[in-house]
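Q: Could we go through this complex together, beginning with the ligand and then turning to the chains?
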Amino acid sequence: MVNERVVLVTGGNRGIGQAIARRFAAAGHRVAITSRSGAADDTDGILVVNADVTDTASVDAAVSQIEETLGPVEILVSNAGITRDGLVLRMTDEDFTDVLDANLTGGFRVARRVSKSMMRNRWGRMIFISSIVGLGGQAGQANYAASKAGLIGLSKSLAKEFASRGITSNVVCPGPIETDMLMALTDEQRAAMLSVVPVGRLGQGDEIAAAVEFLASESAAFITGTVLPVDGGFSMG
Amino acid sequence: MSDNFERFKKCAVDVLSVDEAQVVPEATFESLDADSLDLVELVMALEEEFDVNVEEEELDGVNTIQAAYDLVVSKL
Ligand SMILES: NC(=O)c1ccc[n+]([C@@H]2O[C@H](COP(=O)([O-])OP(=O)(O)OC[C@H]3O[C@@H](n4cnc5c(N)ncnc54)[C@H](OP(=O)(O)O)[C@@H]3O)[C@@H](O)[C@H]2O)c1
């Protein structure tokens with residue numbers, strides 16, 4: 001039996017975030033997701049709130065709405081993210097700072113907003129969805145890799161700052177996962193990617209969700225400040 | 001004791017999980033087992049209760065109940 005918690009998954013309206021939200025809902029938690037359009041398909045029992053993580057006031061309003069409807073957020077899954085790929089020589093300042101603002105500062109904004117109530121309740125779980133690209137870098141993704149690596153420093157600092165309050169903070173680094181983002185690649189690009197994944201296939205969103213669910217569980221109370229790749233062995237070197 | 005101090009005391013009791021009797025002007029936060037995170041939490045509660053704003057720098061050197069109380073009251 002699960003101890004029913006209030007869960008917020010940012011960017012839970014599609015892709016990996018949606019798989020995470022569904023898994024928590026199926027386990028009996030009260031789940032809210034954010035969506036920039038305010039809409040999401042097939043959200044059985046999941047609360048959809050409107051939020052743009054690049055906007056502090058919007059994050060504040062969304063979390064307030066969740067607090068009023070479901071209660072204070074106890075489990076935060078910071079998943080919203082964007083890419084704007086390009087070689088460094090051709091990357092503009094905006095390409096870089098926009099990605100940092102959404103992926104890294106966005107995670108900070110949401111974490112700061114929910115940490116107050118977690119602190120008060122002496123219980124909380126923060127899980128940041130980074131990427132294997134944040135561990136190893138990637139040509140053409142300097143902005144994205146920097147933002148994803150930044151999440152690791154953010155999470156470890158939160159882990160230390162809130163350790164005495166029963167709040168843990170951890171990072172999950174997905175490898176290539178079967179989502180719209182990856183399906184947009186050509187067959188050749190996908191084959192090249194698979195050749196460096198020992199398990200030899202793409203991951204499923206629910207395989208990321210399973211790791212997130214574990215880190216959010218009561219059993220994971222002694223795990224904090226860690227970085228967990230879920231990548232078919234890609235990052236083991 | 002003033003009404004304001006009673007409100008202040010209630011915040012301290014709630015946030016720091018201490019007895020009312022411990023919240024006396026000369027008590028240090030150290031003696032109340034309050035760390036820097038507790039102090040930030042207390043200030044957030046006081047900001048809400050008294051509808052005031054306290055800047056991070058103003059907390060420098062605020063080590064006692066009296067000092068924290070004076071800081072808040074100076075803003076009313
Ligand atoms: N797919 C992979 O193989 C892979 C690998 C490693 C890491 N990841 C990471 O996993 C996370 C989810 O990826 P995905 O593949 O599921 O991506 P996706 O399908 O592109 O979904 C991205 C989600 O983020 C939301 N989002 C983007 N910018 C936002 C903003 N400013 N405010 C609020 N929400 C915003 C989107 O909401 P809207 O619908 O409103 O745009 C959407 O829900 C991302 O952080 C990604 O970097 C993915």
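A: A polar contact here is a pair of N or O atoms within 3.5 Å; within protein, one must be able to donate a hydrogen and the other to accept it, and residues adjacent in sequence count only if both atoms are side-chain atoms. This is a predicted model, in which local features need pLDDT of at least 70, side-chain atom pairs count only at pLDDT 80 or more, and totals for chains, interfaces and linings use all residues. Side-chain values use heavy atoms, without hydrogens and water.

Q: How far is the side chain of Lys148(A) from an oxygen atom of the ligand?
A: An N or O atom of that Lys148(A) side chain is 2.8 Å from the ligand oxygen.

Q: And which backbone atoms lie by the ligand?
A: A polar backbone atom of Ile16(A) is 2.7 Å from a ligand oxygen, and a backbone N or O atom of Val53(A) is 2.9 Å from a ligand nitrogen.

Q: Turning to the chains, how many salt bridges are there between B and A?
A: There are five, a salt bridge being a side-chain nitrogen of Lys or Arg within 4 Å of a carboxyl oxygen of Asp or Glu. One of them joins Arg165(A) and Asp35(B), at 3.1 Å from N to O.

Q: How many residues are in contact?
A: Seven residues of chain B meet eight of chain A, where contact means heavy atoms within 4.5 Å.

Q: What area do they bury?
A: About 630 Å², with 50% of it on carbon and sulfur atoms; this is the accessible area (1.4 Å probe) lost on being put together, summed over both parts. In chain B, Leu37(B), Glu41(B) and Met44(B) lose the most area to chain A, together 72% of what that side buries.

Definitions and conventions:
Residues are numbered from 1 along each chain as its sequence is written. Chains are lettered from A and ligands numbered from 1 in the order in which they are written. Buried area is the accessible area (1.4 Å probe) that two parts lose on being put together, summed over both.
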